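User: I would like to go through this model by way of its individual residues and then its helices. Please state the terms as they come up.

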Amino acid sequence: MYKNLVQKYIVFLKPEHIKEFGKKRGVLLTEEEVLIIYQFLKEHYEELFQREEVLFSLKGKVREEVFSSLYSLYQEYKNY
């Protein structure tokens, strides 16, 4: 069910949404990190439902603390 919701609404995702979500979670992202995460989600959101290894392609592209926060969020939300 959630996969269908994500599929439907990913087209509406904007970089500002990522920046604001990060801020609400206490993660301040640089503009470059926002764009990297935005592009990653647009291109790989379907794969994330099947393989968490895909997330590791972000390692080294964003700061370590940002990656750790992303991974924690993934772990928190992956079973919804």
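User: Is Leu13 buried or exposed?

Analyst: This is a predicted model, in which local features need pLDDT of at least 70 and side-chain atom pairs count only at pLDDT 80 or more, while totals for chains, interfaces and linings use all residues. Residues are numbered from 1 along each chain as its sequence is written, and side-chain values use heavy atoms, with hydrogens and water left out. The relative accessible area of Leu13 is 19%, and the classes are buried for under 20%, exposed for over 50% and partly exposed in between, with a 1.4 Å probe and protein chains only. Leu13 therefore counts as buried.

User: Which residues does Leu13 touch, not counting residues up to four places away in sequence?

Analyst: Leu13 lies in the loop between helix H1 (2–9) and helix H2 (15–24), where helices (H or I, at least four residues) are DSSP runs numbered from the N terminus. Leu13 and Lys42 are 29 residues apart in sequence, yet their C-alpha atoms are 8.1 Å apart in space. With contact taken as heavy atoms within 4.5 Å, and residues up to four places away in sequence not counted, Leu13 touches Ile18, Tyr38, Leu41 and Lys42.

User: With which residues is Pro15 in contact, leaving aside its neighbours within four places in sequence?

Analyst: Pro15 lies in helix H2, and its C-alpha is 8.9 Å from that of Gln39, a residue 24 places away in sequence. Leaving aside neighbours within four places in sequence, the contacts of Pro15 are Val34, Leu35 and Tyr38.

User: In the chain, where is confidence lowest and where is it highest?

Analyst: Confidence is given as pLDDT, the predictor's value for each residue from 0 to 100, and the chain has a mean of 92, with 98% of its residues at 70 or more. Where pLDDT is low, predicted coordinates should not be read in detail. In the chain, the lowest confidence is in H1, at a mean of 82, and the highest, at 96, is in H2.

User: With which residues is Phe56 in contact, leaving aside its neighbours within four places in sequence?

Analyst: Phe56 is placed in the loop between H3 and H4, and its relative accessibility of 37% makes it partly exposed. Once neighbours within four places in sequence are left aside, Phe56 is in contact with Phe67 and Tyr71.

User: With which residues is Glu52 in contact, leaving aside its neighbours within four places in sequence?

Analyst: Glu52 also lies in the loop between H3 and H4. Its C-alpha is 20 Å in space from that of Leu35, and the two are 17 residues apart in sequence. Leaving aside neighbours within four places in sequence, Glu52 is in contact with Tyr71, Tyr74, Gln75 and Lys78.

Definitions and conventions. Helix = DSSP H or I, 4+ residues; strand = E, 2+ residues; numbered from the N terminus.
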